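Please look at the sequence and the structure as I put them on the screen, and keep them in view while I talk.

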Amino acid sequence: MNIDTLLFDLDGTLINTNELIIASFLHTLDKYKPGEYTREHAIDFIGPPLIDSFRKVDAERVDEMIETYRAFNHEKHDELVEEYEGVYETVERLHQQGYKLAIVTTKIRKTALMGLKLTGLDQFFDVVIGLDDVTNAKPDPEPLEKALTALGASKETAMMIGDSSYDVQAGKNLGVPTAIVGWSIKGEERIRSYQPDYILSNMRDLLAIIGADES
């Protein structure tokens, strides 16, 4: 496989924001629809842009709910975000070997940069494509295309790595190989149904897949 460019999702892929996201959803949902939503509902909301999730809850108050969500999310960010074992070392090695790396996320850029800085991954990513950088979010290929353009890279040598159906479908829509992380909160059965090209049990698995473990 001739891969020199890696496009990474952020939440649930490189950094463990699951509890932060769930807490942010539950805080917001409890404020606007008390008693109607559970933790399982919040997990189902993980992946799409906030506007899509909250539109299903209350189409009349989407903007207000997003503001509430983000205020809580930013306040609790550093307290609830955790690292995934093997991620930092893998990304550092890819960077050292000269791979082109980008973040493609449905988070707004400001929030994405908070997570990257907290975990020390910001030094490895010159390109971060957030929700506010695009017209169409994943699974539309636009964010991936923007990342490739910013990197000066080609889709013929790129791969998309994520944790949700939106990541896999975006990669398929662009026509690049896809890998999904086995630690996705969605569960193994669900992620297999997305039909990615690869499932990673640890981020280090990526090194062998693309041949980066040979040097």
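How many cavities of 30 Å³ or more does the structure hold? It holds two. Before I describe them, a word on the basis of these values. This is a predicted model, in which local features need pLDDT of at least 70, side-chain atom pairs count only at pLDDT 80 or more, and totals for chains, interfaces and linings use all residues. Residues are numbered from 1 along each chain as its sequence is written, and side-chain values use heavy atoms, with hydrogens and water left out.

A cavity here is a set of points, on a 1 Å grid over the protein atoms alone, where a 1.4 Å probe fits but cannot get out; lining residues have an atom within 4 Å of a point. Grid points are joined across faces, edges and corners, and the volume is the space filled by probe spheres set on the points.

The largest cavity has a volume of about 300 Å³. Of the 23 residues that line it, Asp-11, Ile-21, Pro-48, Thr-106 and Lys-107 are the closest to its centre. Helix H1 (18-32) and helix H4 are the elements that give two or more residues to this lining, and H4 contributes the largest share, with four residues. Helices (H or I, at least four residues) and strands (E, at least two) are DSSP runs, numbered from the N terminus. By class, this lining has nine nonpolar, seven polar and seven charged residues. In this scheme, Ala, Val, Leu, Ile, Met, Phe, Trp, Tyr, Cys and Pro count as nonpolar, Asp, Glu, Lys and Arg as charged, and the others, Gly among them, as polar.

The second largest cavity has a volume of about 40 Å³. Its lining includes Leu-14, Tyr-84 and Leu-121, and divides into six nonpolar residues, one polar and one charged.

I turn now to the sheet. Six strands form an open sheet with parallel pairing, in the order S5-S4-S1-S6-S7-S8; two strands pair if DSSP finds at least two bridges between them. The edge strands are S5 and S8 (198-200), each of which pairs on one side only.

Strand S4 (residues 100-104) deserves attention. Is it mostly covered or mostly uncovered? Strand S4 is mostly covered, since four of its five residues are buried, where buried means under 20% relative accessible area, exposed over 50%, and partly exposed in between (1.4 Å probe, protein chains only). Four bridges join S4 to the parallel strand S1 (residues 5-8), and Thr-5 stands opposite Lys-100 in S4. S4 also pairs in the parallel sense with S5 (residues 127-129), over three bridges. Further along the sheet, three bridges join S6 (residues 158-162) to S7 (residues 178-181), and Ile-161 stands opposite Ala-179 in S7.

Ala-71 is found in helix H4 (residues 62-80) and, because its relative accessible area is 48%, counts as partly exposed. The peptide bond from Lys-138 to Pro-139 is cis, with omega near 15 degrees, and Pro-139 is placed in the loop between S5 and helix H7 (142-151). Gln-195, in the loop between helix H9 (188-193) and S8, has a positive phi of about 60 degrees although it is not a glycine. Gln-195 counts as exposed because its relative accessibility is 58%.

Definitions and conventions
1 Å grid on protein atoms, 1.4 Å probe; cavity = no way out; pocket = protein on both sides within 12 Å on 5 of 7 lines; lining within 4 Å.
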